[in-house]
Amino acid sequence: MADDSDLERTEPASARRLEQAREEGNIPRSRELSTFAVTMTGVTLMMVLGPRLTERLSDLMRRLLTFDQATVREPGPALLRMREAAIDTVLALLPFLGGLALVALAAPLLVGGWNVSTKAIGPHFSKLNPASGLKRMFSLNAATEALKAVLKSMLIGGIATWVIWNERAELVGLVTLPLETGMGRMVDMLLHTFFIVTGAMVLLVAVDVPFQLWNYHKQLRMTKEEVRQEYKEQEGSPEVKGRIRQLQREAARRRMMQEVPSANVIVTNPTHYAVALRYNEGMRAPQVVAKGSLKLAERIITVGRENAVTVMRVPSFTRALYFNTELGQDIPVPLYQAAAQVLAYVQQLRLYEKDGGLAPVFPDQLEVPADLDPESKRPQDAAPEAIQ
């Protein structure tokens, strides 16, 4: 059952899947929106520009069909007049045709946006497969498109019939009007009818646009296995990433262990934590060069002893350093005084081991703020002591 669920397309398309679809030219489009926009623009332009366009075309026809003797006898003037008439016709229709072309280009961008894909215009021989063609013909999408065509025909036809039926008396009355008046009135009635019928297409657009968006995302749904595979391709296999993190930690640990011999002192908990401090003349404050817990703490202590670094048991101070510092950072200001006491003791201890004299005495208490030690509420630690 789990394997079957992994093969079902139940997951929404990822951003990468959507991007690949756009690269292939697969974007949502609504034919009904484009048809409505172009048709409504054409009707509106005819209503606005119609009188002026009719007047210019009528004048053009009148001039074109008016001949004089020179035009009849010589073909040159006639051809010149025809060329001028063609240019005037294009100029007269340019606002109308330009408006339609602009809307035809802009309307598809309302759903799916602008997209240029070279893959979409390339040859796709798989589309020539008869089996694929039959599958598309009897698919759910084909059935939906057929149903939309029937509903569109019924809607537009029904509304057109209703408008014409309501204007039947006025249509019959056109025969009683003078020719010029009757033609003008008929044109107005036709534009009015087309405007109402085209406006009814808003219902189709309101249904088709959400359906196209839903169907587009439905076709791009992914299986759970595809989601996992895509994540591996983009982010890398969890096993590989885990191995990389492990190698990074090992490299960082090796670099850290190389810094231990340069430390002035290693403070311990004594068995849970270990922190190596280094302070040289000119430094603003002591720095943490290594720190670790449990096995790593033991390794730090071992390397320190092998390189004659003083190891001291200072539980509270060690915990405060371990939980409040990072490698290569200066220690917090509230720990300056405790660090100064530790480093002073280490210096005195080295002088004692070299020249003899009175043995240094480690202070009984170190000033460690309770808020820096997460275990400060535990029973009082034993007094600090040097273990090397």
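Biologist: Of the 25 residues in the largest nonpolar core, which touch the most other members?

Modeller: This is a predicted model, in which local features need pLDDT of at least 70 and side-chain atom pairs count only at pLDDT 80 or more, while totals for chains, interfaces and linings use all residues. Residues are numbered from 1 along each chain as its sequence is written, and side-chain values use heavy atoms, with hydrogens and water left out. A nonpolar core is a set of buried Ala, Val, Leu, Ile, Met, Phe, Trp, Tyr and Cys residues joined through side-chain atoms within 4.5 Å, where buried means under 20% relative accessible area, exposed over 50% and partly exposed in between, for a 1.4 Å probe and protein chains only. In the largest such core, of 25 residues, the members that touch the most others are Phe 317 and Val 342.

Biologist: Which element gives the most to this core?

Modeller: Helices (DSSP runs of H or I, at least four residues) and strands (runs of E, at least two) are numbered from the N terminus. At least two residues of the core come from each of S1, S2, H13 and helix H14 (336-355). With seven residues, the element that gives the most is H14.

Biologist: What is the bridge partner of Val 265 in S4?

Modeller: Two strands pair if DSSP finds at least two bridges between them, and S1 (residues 265-268) has four bridges with strand S2 (residues 273-278) in the antiparallel sense, where Val 265 is partnered by Leu 277. Four residues lie between S1 and S2, and the two strands form a hairpin. S1 also pairs with strand S4 (residues 310-313), in the parallel sense and over four bridges. In S4, the partner of Val 265 is Thr 310.

Biologist: Are the residues on the two faces of S1 and of S4 buried or exposed?

Modeller: In S1, Val 265 and Val 267 point one way while Ile 266 and Thr 268 point the other, and all are buried. In S4, Thr 310 and Met 312 on one side and Val 311 and Arg 313 on the other are likewise all buried.

Biologist: Why is the pair of Phe 211 and Trp 214 called tilted?

Modeller: Rings of Phe, Tyr and Trp (its six-membered ring) pair if their centres lie within 6.5 Å, and planes under 30 degrees apart count as stacked, over 60 as edge-to-face and the rest as tilted. The count by this rule is four aromatic pairs. With ring centres 6.1 Å apart, Phe 211 and Trp 214 are tilted because their planes stand at 40 degrees.

Biologist: How many residues apart are Tyr 273 and Tyr 322?

Modeller: The rings of Tyr 273 and Tyr 322 have centres 4.6 Å apart and planes at 35 degrees, so this pair is tilted. Tyr 273 lies in strand S2 and Tyr 322 in helix H13 (residues 315-324), and the pair links distant parts of the chain, its residues being apart by 49.

Biologist: How far from the centre of the ring of Tyr 322 is the charged end of Lys 291?

Modeller: A charge sits over a ring if NZ of Lys or CZ of Arg is within 6 Å of the ring centre and within 35 degrees of the ring normal. The charged end of Lys 291 sits over the ring of Tyr 322, at a distance from its centre of 5.1 Å.
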